[in-house]
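Hi there,

Here is the structure I promised to pass on to you. Have a look at it first, and then read on for my notes.

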Amino acid sequence: MELKDVILLLHPVFAVLVVFPLVGIVVNRALQVRQRRLQTATDGKSKIPPVVGQEHVKLGRALTGSVVVVVLLALGFDIFGNILEKQLWTKAPFQVILVALFFVATIASLALLYKAGDRKWRAIFATLSGMALVVLGCQDGIYRKTDQWYFSHYYYGIAVALLMIFSLAILPDIYKDKTNRWRNIHIALNTLALLLFLGQAITGPLGLLEVPLSWQESYVQKLYEQQCNVKPCTIQAPNVPKKP
């Protein structure tokens, strides 16, 4: 594999090693927190230790950051790959600088969101983080699969990242609200996020199958040009360099 192919694998490797294990642990802690709350309300006590609530919050915060990072890895590969392929740093240097600034803005806004305490600032930094992700996702070179958006790894990923950012932003309000309105919103949104994570687990491998390695790109491009995905055709295989 070439260096480009190794970089391509950073996104799925990070997802498998970090994101999805965190998803499982966070869901487990969430179920324990709810079970403990119900047991305490009915029996006045529970065998589940109180620390599970703190663990759920801590791991949930880590999950938000890891989701944003894994999305940025995927977007960065497509965007900067397109920049290098089309040599945009010479044709449109301002655009390249602006794109790079959006990456910085996403990371900076998320970092400030972690530190913000006031509701107004949390709303501002969450909005900036989400907007920056959406703008980056609109850049050329992104593999969106818009014609099949309902089964698109890209759209699922952006949606779940926005939900995670919003959940992080409302976290302090959950514990201040005695009516449980924010808690119920949190549960509903993160249930949706869990479904999107399941969709990511399905569409991710499919996306890897559809993205060719470097030595396969020209061959696969010819397959699409001749619409071999919808009709029979024959394409001469490229010459694969022999190993020394």
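**What I found**

Of the 244 residues in the protein chain, 34% are buried. Please keep in mind that this is a predicted model.

Let me begin with the overall build. The protein chain has 9 helices and 0 strands, so reading along the sequence gives the pattern α-α-α-α-α-α-α-α-α. Its C-alpha trace spans about 75 × 40 × 40 Å along the principal axes. The accessible surface comes to about 15300 Å², and carbon and sulfur atoms account for 66% of that. As for contacts with a separation of 6 or more, 67% of them are between residues 24 or more positions apart.

Next, the inside. The largest nonpolar core holds 39 residues, and the ones that touch the most other members are Leu63, Val67, Leu75, Ile79, Leu113 and Phe197. At least two residues of this core come from each of α2, α3, α5, α6 (119–137), α7 and α8. The largest share belongs to α7, which supplies 10 residues. Another core, of 5 residues, lies apart from this one, and its members include Val57, Ile170, Leu171 and Ile174.

Setting aside neighbours within four places in sequence, Ile79 is in contact with Val99, Phe103, Leu136, Gln139, Asp140 and Ile142.

Is Ser109 buried or exposed? You will find Ser109 in helix α5 (residues 93–115). Its relative accessible area is 8%, and because the cut-off for buried is under 20%, Ser109 counts as buried. Not counting residues up to four places away in sequence, Ser109 touches Phe125, Leu128 and Ser129.

How much space lies in the second largest pocket? The volume there is about 710 Å³. Its lining is made up of 29 residues, of which Val26, Ala30, His56, His186 and Asn190 are the closest to the centre. The elements giving two or more residues to this lining are α2 (10–43), α3 (51–86), α7 (153–176) and α8 (181–210). Sorted by class, the lining of the second largest pocket has 17 nonpolar, 8 polar and 4 charged residues.

Happy exploring, and do write back with any questions!

Best wishes

Definitions and conventions:
Residues numbered from 1 in each chain as written. Predicted model: local features only at pLDDT ≥ 70, side-chain atom pairs only at ≥ 80, totals over all residues. Heavy atoms only, no water. 1 Å grid on protein atoms, 1.4 Å probe; cavity = no way out; pocket = protein on both sides within 12 Å on 5 of 7 lines; lining within 4 Å. Points joined across faces, edges and corners; volume = space filled by probe spheres on them. Helix = DSSP H or I, 4+ residues; strand = E, 2+ residues; numbered from the N terminus. Nonpolar A, V, L, I, M, F, W, Y, C, P; charged D, E, K, R; others polar. Buried < 20%, exposed > 50% of the residue type's maximum accessible area, 1.4 Å probe, protein only. Contact = heavy atoms within 4.5 Å. Areas by Shrake-Rupley, 256 points an atom, 1.4 Å probe, with all protein chains shown as cover. Core = buried A, V, L, I, M, F, W, Y, C linked by side-chain atoms within 4.5 Å.
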